[in-house]
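Keep the sequence and the 3D view side by side, and try each task before you look at its solution.

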Amino acid sequence: MRRIRSFVRREGRLTKGQAGAMERQWPIMGIEFNGEQLNLASIFGNANPVVIEIGFGMGKSLVTMAKAAPQINFIGIEVHTPGVGACLLEAEAQNVSNLRVIEHDAVEVLNDWLADDCLDGVQIFFPDPWHKKRHHKRRLIQPEFVALLRKKLKAGGVLHLATDWENYAEHMLEVMNVAPGYENQATDGTYIPRPDERPLTKFEQRGQRLGHGVWDMKYTAV
């Protein structure tokens with residue numbers, strides 16, 4: 001049975017800068033799948049905690065987070081090549097070395113590339129809200145997906161979600177607050193203030209000026 005995907009591949013053209021960064025940095029920062037589970041300590045050359053971001057867009061906030069936390073290893077997963085190129089270009093400009101990128105479907109990465117209990121954190125910021133009701137089944141945050149994430153998270157690891165669609169935020173709460181193996185860090189079982197480590201994007205700043213909300217959630221794997 002064909003799996004419902006949470007994304008649509010858009011074949012965008014790379015800018016000259018993105019293409020150059022792909023050529024220079026993919027051999028250093030890109031992760032390819034060879035049919036075996038990834039050895040994260042070998043990939044990074046250390047045993048530091050590993051945090052994965054799923055759907056990093058153009059990668060600016062991911063690079064900012066990696067630059068601010070050199071003691072953490074970050075892996076970004078994105079299906080759109082221009083976004084991967086932009087992320088590598090920014091990482092190169094910021095001289096970030098604790099970041100690797102994967103250009104592939106995150107569900108397949110989680111299932112086939114990663115061992116259980118190997119991640120210290122997963123972050124998913126502003127995933128596609130699929131706002132039309134008939135498309136809600138395409139939303140990434142579903143019971144089966146968060147159960148898969150829980151298998152990959154170590155005990156004490158953290159899943160950090162953020163969205164600017166209130167309906168999706170409510171959907172996330174409904175899914176997460178009954179998901180086995182997770183504990184909401186919000187004492188009232190809802191949302192948390194934006195954590196300092198999540199960069200405020202230009203898009204988010206514009207939304208704040210227009211009175212738009214953003215909802216952050218953090219769940220600890222228990």
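The buried residues of helix α5 pack against β1, β2, β3 and α6 (143-152). Before we build on that, a word on the ground rules. This is a predicted model, in which local features need pLDDT of at least 70 and side-chain atom pairs count only at pLDDT 80 or more, while totals for chains, interfaces and linings use all residues. Residues are numbered from 1 along each chain as its sequence is written, and side-chain values use heavy atoms, with hydrogens and water left out.

**Exercise 1. Find the buried residues of α5, and say what caps its N-terminal end.**

Step 1: Helices (H or I, at least four residues) and strands (E, at least two) are DSSP runs, numbered from the N terminus. Buried means under 20% relative accessible area, exposed over 50%, and partly exposed in between (1.4 Å probe, protein chains only).

Step 2: Go along α5, residues 106-113. Ala106, Val107, Val109, Leu110 and Trp113 are buried there.

Step 3: Look at the N-terminal end. Asp105 caps α5, with a side-chain oxygen 3.1 Å from the backbone nitrogen of Val107.

**Exercise 2. Work out how β2 is placed among its partner strands.**

Step 1: Start with burial. Five of the five residues of β2 (residues 73-77) are buried. Asn73, Ile75 and Ile77 lie on one side, Phe74 and Gly76 on the other, and both faces are covered.

Step 2: Find the first partner. Two strands pair if DSSP finds at least two bridges between them. β1 (residues 50-54) and β2 pair in the parallel sense over five bridges, and Ile77 is the bridge partner of Ile54. The chain goes from β1 through helix α3 (residues 60-68) to β2, in a right-handed β-α-β crossover. Right-handed means that, with the strands pointing away from the viewer, the path from the first strand over the helix to the second runs clockwise.

Step 3: Find the other partner. Four bridges join β2 to β3 (residues 99-102), and these strands run parallel. Here Phe74 has Leu99 as its bridge partner. With helix α4 (residues 81-94) between them, β2 and β3 make a right-handed β-α-β unit.

**Exercise 3. Compare Asn95 and Asp117: is each one exposed or partly exposed?**

Step 1: Asn95 is in the loop between α4 and β3, and Asp117 is in the loop between α5 and β4.

Step 2: Check the backbone. Asn95 has a positive phi of about 55 degrees although it is not a glycine. Asp117 also has a positive phi of about 55 degrees, and is not a glycine either.

Step 3: Read the accessibility. Asn95 is exposed because its relative accessible area is 68%, whereas Asp117, at 48%, counts as partly exposed.

**Exercise 4. Explore Lys218 in β7 (residues 215-221).**

Step 1: Lys218 has 14% relative accessibility, so it counts as buried.

Step 2: Leave aside neighbours within four places in sequence. Lys218 is then in contact with residues including Val158, His160, Glu183, Ile192 and Glu197.

Step 3: Look for a polar contact (a pair of N or O atoms within 3.5 Å; within protein, one must be able to donate a hydrogen and the other to accept it, and residues adjacent in sequence count only if both atoms are side-chain atoms). The side chains of Lys218 and Glu197 make one, at 2.5 Å.

How values were computed. Contact = heavy atoms within 4.5 Å.
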